[in-house]
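Q: Can we go through this one together? I'd like to start with the sheet.

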Amino acid sequence: RLTGVVVEHAHQLRRGGEPAEARAWLDALRIVGAGEHALARARCLEDDGEVGRAFEVLQAGLDTSDGADRLALHRTGRRLGRALHRAWIPDPPLRKAPRRSLALEPGDARHRPTWRVDGADRFVEDAVARVIAGAGRQVLRAEGGILRALFVHLFADALLAPVAGQLPVPRLPGPLDLGRPAFAARRPGLVFAALDAIARGEAEARIAAAVGALDGVRLAGVPISEDLGTTLILAARSLGPSGLRAVLGPILAHGLRATRGLPDLLVLAGDEVRLADAHPTRITAGALWVEVKGPGDTLSDEQRV
């Protein structure tokens with residue numbers, strides 16, 4: 001939390017025309033390799049006229065960055081490389097998700113565009129969800145919330161494990177080391193037991209057990225309840241063991257912030273259906289993640305990753 005405050009303060013100093021003072025605050029963090037902080041330091045150096053050093057800081061930052069931070073480092077590195085006539089080595093390109101176009105009737109927009117579906121004006125995410133549901137497939141609003149809740153329910157015993165300096169502590173919503181390598185290292189038995197249970201297809205049973213033991217508790221920002229548990233069981237059943245392990249792995253490594261940028265909708269597994277006024281029209285039988293964008297919307301770096 002303090003790191004975030006310092007980075008934001010340095011950003012305001014830089015925007016106010018004090019890049020040297022901003023850099024001094026960032027240097028005091030002593031985490032210059034992290035992607036976000038490497039990018040902030042490089043921008044301060046560039047504003048201070050030290051473009052060559054900024055370029056080197058960006059290169060060093062690649063060693064310890066991933067995800068959206070890495071995309072931002074590459075974007076700035078390419079720009080500075082052109083100015084310096086120095087080569088910037090790119091990463092292999094990200095795989096692009098397939099696109100589907102859907103024609104909807106515009107609604108009576110006032111502030112944010114709406115679309116008319118089932119006789120009501122709806123925002124684009126809800127409108128698309130209604131269309132898919134009308135074709136016969138169940139849809140959950142995801143946007144990271146579903147996976148955050150799945151993680152908390154499936155690893156509830158690890159989150160509540162009696163580790164020194166962690167829970168239970170009054171007013172602490174979750175373990176302080178959640179999202180760091182130390183989280184799994186301090187609880188290897190519980191973490192790997194959960195992963196093994198998921199691989200054996202026991203995710204639904206673990207979710208039900210967490211609800212039975214912790215109904216009414218709010219853990220790591222997730223309210224545990226019977227209604228939410230029923231939804232999570234449907235999601236776990238659709239994703240299957242391999243799908244769950246694939247999406248929960250980044251949360252174990254990077255914490256709940258890894259859910260940022262995840263798609264808006266999770267279409268649960270079901271019969272193959274076709275959407276009218278869509279191209280392509282066919283939705284296959286398996287589970288499907290869907291990021292919804294209206295005209296003029298663009299993907300963020302987190303969403304691309």
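A: Fine. One definition before that: two strands pair if DSSP finds at least two bridges between them. Keep in mind that this is a predicted model.

Q: OK, and what is the strand order in the open sheet of 3 strands?
A: The order is β2-β3-β4, and the pairing is antiparallel.

Q: Which strands stand at the edges?
A: β2 (105-106) and β4 (120-122) do. Each has a single partner strand, so one side of each is left without a neighbour in the sheet.

Q: Which helix packs on the sheet?
A: Helix α6, residues 124-134, which touches β3 and β4. The direction of α6 makes about 25° with that of β3.

Q: Back to the strands. How many bridges join β2 to β3?
A: There are 2, and the two strands run antiparallel, with β3 covering residues 115-117. In that pairing, E105 stands opposite R116 in β3.

Q: Let me zoom out. How many helices and strands does the protein have?
A: 13 helices and 12 strands. The C-alpha atoms fill a box of roughly 60 × 55 × 35 Å along the principal axes.

Q: What percentage of the residues count as buried?
A: Of the 305 residues, 39%. As for contacts with a separation of 6 or more, residues 24 or more positions apart account for 60% of them.

Q: Now the largest nonpolar core. Which residues touch the most other members?
A: L150, F151, F155, F183, L244 and L248, out of 41 residues in that core.

Q: Which elements give two or more residues to this core?
A: These are α7 (145-154), α8 (156-159), α10 (188-199), α11 (203-214) and α12 (226-254). The largest share, 10 residues, comes from α12.

Q: What does F183 touch, not counting residues up to four places away?
A: F183 touches F151, A158, L159, P175, D177, L178, V191 and L252.

Q: And what does the second, separate core include?
A: That core has 17 residues, among them A129, V131, I132 and A278.

Q: You mentioned α12. How far apart are its end C-alpha atoms?
A: Only 28 Å, although α12 has 29 residues. A straight helix would reach 42 Å at 1.5 Å a residue.

Q: Where in α12 does the kink lie?
A: At G240, shortly before the proline P241, and the kink is about 105°. Just after α12, G255 takes a positive phi of about 85°.

Q: Which residues does G179 touch, leaving out those up to four places away in sequence?
A: I251, A253, H254 and G255. G179 itself lies in the loop between α8 and α9 (181-186).

Q: Is G179 buried or exposed?
A: Buried, with a relative accessible area of 15%, which is under the 20% cut-off.

Q: How far apart are the C-alpha atoms of G179 and A258?
A: They are separated by 8.6 Å, with the two residues 79 apart along the chain.

Q: What is H74 in contact with, leaving aside neighbours within four places?
A: The contacts of H74 are L62, W88, I89, P90 and D91.

Conventions. Residues numbered from 1 in each chain as written. Predicted model: local features only at pLDDT ≥ 70, side-chain atom pairs only at ≥ 80, totals over all residues. Heavy atoms only, no water. Helix = DSSP H or I, 4+ residues; strand = E, 2+ residues; numbered from the N terminus. Contact = heavy atoms within 4.5 Å. Axes fitted to C-alpha atoms, helices over the stretch in contact; angles between N-to-C directions. Core = buried A, V, L, I, M, F, W, Y, C linked by side-chain atoms within 4.5 Å. Buried < 20%, exposed > 50% of the residue type's maximum accessible area, 1.4 Å probe, protein only. Expected span 1.5 Å × (residues − 1). Bend = angle between axes of the 7 residues up to and from the residue.
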